[in-house]
Amino acid sequence: MFKNLFKKKEKQTQSTFCYCPKCNNELISSNSFVSDEELVTYKCSECSHVTKWLFDAPVPLLIEGKE
Ligand SMILES: [Zn+2]
């Protein structure tokens, strides 16, 4: 059980998920990507809600577009 805590520093390129705060659509796998600048912008392919994410953290942080 405790082993999982120490595994967090491994690369997480395949395990990144961003969910739309409005409809819970998974943004990365649903082609919702808009632009990658200081923040990464997604426009939800389901409900068109725009969110901006910081990918510089261990997990993507939702910066703009919170409900
Ligand atoms: Zn949505």
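Let's start with a definition: buried means under 20% relative accessible area, exposed means over 50%, and partly exposed lies in between (1.4 Å probe, protein chains only).

This is a predicted model, where local features need pLDDT of at least 70, side-chain atom pairs count only at pLDDT 80 or more, and totals for chains, interfaces and linings use all residues. Residues are numbered from 1 along each chain as its sequence is written, and side-chain values use heavy atoms, with hydrogens and water left out.

**Exercise 1.** Find the protein donors of the zinc ion and explain why their arrangement is tetrahedral.

*Solution.*
- Step 1: Donors are N, O and S atoms within 2.8 Å of the metal (3.2 Å for Na, K and Ca); water is not among the atoms, so sites may look incomplete.
- Step 2: Here the SG atoms of Cys20, Cys23, Cys44 and Cys47 lie 2.2 to 2.3 Å from the zinc ion.
- Step 3: Four donors count as tetrahedral if all angles lie between 85 and 135 degrees.
- Step 4: Around the zinc ion the angles are 103 to 116 degrees, so the arrangement is tetrahedral.

**Exercise 2.** Describe the sequence spacing of the donor residues, then decide whether Cys23 is buried or exposed or in between, and do likewise for Cys44.

*Solution.*
- Step 1: The spacing reads C-x2-C-x20-C-x2-C.
- Step 2: Cys23, in the loop between α1 (3-6) and β1 (33-36), and Cys44, in the loop between β2 (40-43) and β3 (50-54), are 21 residues apart and link distant parts of the chain. Helices (H or I, at least four residues) and strands (E, at least two) are DSSP runs, numbered from the N terminus.
- Step 3: Cys23 has a relative accessible area of 33%, so Cys23 is partly exposed.
- Step 4: Cys44 is buried because its relative accessible area is 3%.

Terms used: Four donors count as tetrahedral if all angles lie between 85 and 135 degrees; four count as square planar and six as octahedral if opposite donors are over 155 degrees apart and all others between 65 and 115; anything else is irregular.
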